[in-house]
Amino acid sequence: MSLAADNPLIAPHAPPRHDWTRSEVRALFDLPFPELMFRAQSVHRRNFDSAAVQISTLLSIKTGGCPEDCAYCPQSARYDTGVRAEKLMSLDAVLGEAQAAKAAGASRFCMGAAWREPKDRDLDAVCAMVEGVKALGMETCVTLGMLTAEQTRRLKTSGLDFYNHNIDTSPEFYGDIITTRTYQDRLDTLNHVREAGIHVCCGGIVGMGETREDRVGMIAVLASLPEHPESVPINMLVRVAGTPLAEQQKLDPLEFVRTVAAARITMPRSVVRLSAGREDMSEETQALCFLAGANSIFYGPKLLTTPNPGRDRDRELMERLGMSPMAP
Ligand code: SAM
Ligand code: DTB
Ligand code: SF4
């Protein structure tokens, strides 16, 4: 890798690139760890306050019983994980949770549903939730599965700020993880979201038994989108008993940090979320992720169905690191 072209200190303020090749992304992953961290932190500081963390809270508004076969997911009806299928939550209950999240310090409220795609009647209910959460003064995000162009327009009208839809992994490894929808289906939904003028939240999962080349491929796909996702969640697989990936070998945490750094360098203006997996991560690894350019977390004791660090623990961690919430 040539020095001048790639060193962010020598090529400052270059606009974000959308033509990242796999070999360039691979070369980032292959850098000596200190060099990779230095580059990631240099890019980070040019684009963000390096002490600011975006705070989102997640709520599962429709849990379990999903027809899809995502091998990582505790909510698939195909696996016996102990997650019960529930009905869509009521508007009042959702708004109560959003209010509590706001009072605890979250600026964005993310609502997730275990659907392949929403039915129109369900979408009406979700739109009412989005309107209600927005009226509380929070940013809104939902993740509901595949969407049509018409559905994205309805969500936009209700005031939706972000839609989360992950590519999850590389195009080559994808078929080992999910067979009930294609990679292209996901890209199509992302296009609809973009065209409706909703911010895109799109990332993936590492630690599913993929190779480094798959992690490279995932980052290269994200970084080559015509517009980078405004939000890029990097999840460490939460290994849930009963799912096909329950016994997956744990990924080296430093490889997770490298993935975060590659996301930061290739998508310099995106908010990169240190997403699922923090419950099993040391605080030192989390600190390295922030150093690598992560600047968002899920805050609150639960993700969708699995545990996340408690609020006290995260407040203490933020304090120890001298980091504070990012203004919305
Ligand atoms: N059902 C919708 C869908 O899949 O598009 C929305 C909810 S789904 C749970 C949202 C995302 O959560 C998935 O795309 C996946 O990236 C992430 N996820 C699910 N289970 C996970 C796990 N065990 N570990 C890490 N991430 C997970
Ligand atoms: C994302 O990338 N991670 C979140 C959110 N988007 C919806 C979900 C993590 C789920 C972890 C497993 C669970 O709690 O069920
Ligand atoms: Fe269903 Fe989403 Fe889980 Fe896949 S990730 S099984 S689509 S809830």
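1. Start with Val238. One of its backbone N or O atoms lies 3.0 Å from a nitrogen atom of ligand 1. The protein buries 91% of the 550 Å² that ligand 1 exposes when taken alone. Keep in mind throughout that this is a predicted model.

2. A polar side-chain atom of Asp168 is 2.7 Å from an oxygen atom of ligand 1. For Asn166, a polar side-chain atom lies 2.9 Å from an oxygen atom of ligand 1.

3. Now look at the whole shell of ligand 1. It holds 17 residues, and the closest are Tyr72, Thr143, Asn166, Asp168 and Val238. By class, 10 of the shell residues are nonpolar, 5 are polar and 2 are charged. Find Asp168 among the closest residues; Asp counts as charged.

4. Turn to ligand 2. It has 14 residues around it, and Asn166, Asn235, Leu304, Thr305 and Thr306 come nearest. Which classes make up this shell? There are 7 nonpolar and 7 polar residues, and no charged ones.

5. Asparagine side chains make polar contacts with ligand 2. The side chain of Asn235 has an N or O atom 2.8 Å from an oxygen atom of ligand 2. A polar side-chain atom of Asn166 is 2.9 Å from an oxygen atom of ligand 2. A polar side-chain atom of Asn164 lies 3.2 Å from a nitrogen atom of ligand 2. On its own, ligand 2 has 400 Å² of accessible area, and the protein covers 88% of it.

6. Ligand 3 comes next. The residues around it are Cys66, Glu68, Cys70, Tyr72, Cys73, Ser76, Ala114, Trp115 and Arg181. This shell has 6 nonpolar residues, 1 polar residue and 2 charged residues.

7. Where does each ligand sit? Ligand 1 takes up space that is the largest cavity.

8. What is the volume of the largest cavity? It is about 840 Å³. The count gives 1 cavity of 30 Å³ or more.

9. The lining of the largest cavity has 40 residues. Nearest its centre are Tyr72, Cys73, Asn164, Asn166 and Leu304. The lining divides into 23 nonpolar, 12 polar and 5 charged residues. Strands β2 (108–113), β3 (139–143) and β7 (231–236) each supply at least two lining residues.

10. Asn164 and Asn166 are among the residues nearest the cavity centre. Asn164 has a polar side-chain atom 3.2 Å from a nitrogen atom of ligand 2. Leu304 is also near the centre, and Leu304 is among the residues nearest to ligand 2.

11. Finally, visit the second largest pocket. About 310 Å³ of space lies in it. It is lined by 18 residues, with Leu58, Leu59, Ser60, Glu97 and Lys302 nearest its centre. Two elements give two or more residues to this lining: β1 (52–62) and α4 (91–104). The largest share, 4 residues, comes from β1. By class, the lining has 9 nonpolar, 5 polar and 4 charged residues.

Note on methods. Residues are numbered from 1 along each chain as its sequence is written. Chains are lettered from A and ligands numbered from 1 in the order in which they are written. This is a predicted model: local features need pLDDT of at least 70, side-chain atom pairs count only at pLDDT 80 or more; totals for chains, interfaces and linings use all residues. Side-chain values use heavy atoms; hydrogens and water are left out. A residue is near a molecule or strand if one of its heavy atoms lies within 4 Å of it. A polar contact is a pair of N or O atoms within 3.5 Å; within protein, one must be able to donate a hydrogen and the other to accept it, and residues adjacent in sequence count only if both atoms are side-chain atoms. Accessible areas come from the Shrake-Rupley method with a 1.4 Å probe; for residues, only the protein chains shown count as cover. On a 1 Å grid over the protein atoms alone, a cavity is a set of points where a 1.4 Å probe fits but cannot get out, and a pocket is an open set with protein on both sides within 12 Å along at least five of seven lines; lining residues have an atom within 4 Å of a point. A molecule sits in a cavity or pocket if more than half of its atoms lie within 2 Å of its grid points. Grid points are joined across faces, edges and corners, and a volume is the space filled by probe spheres set on the points.
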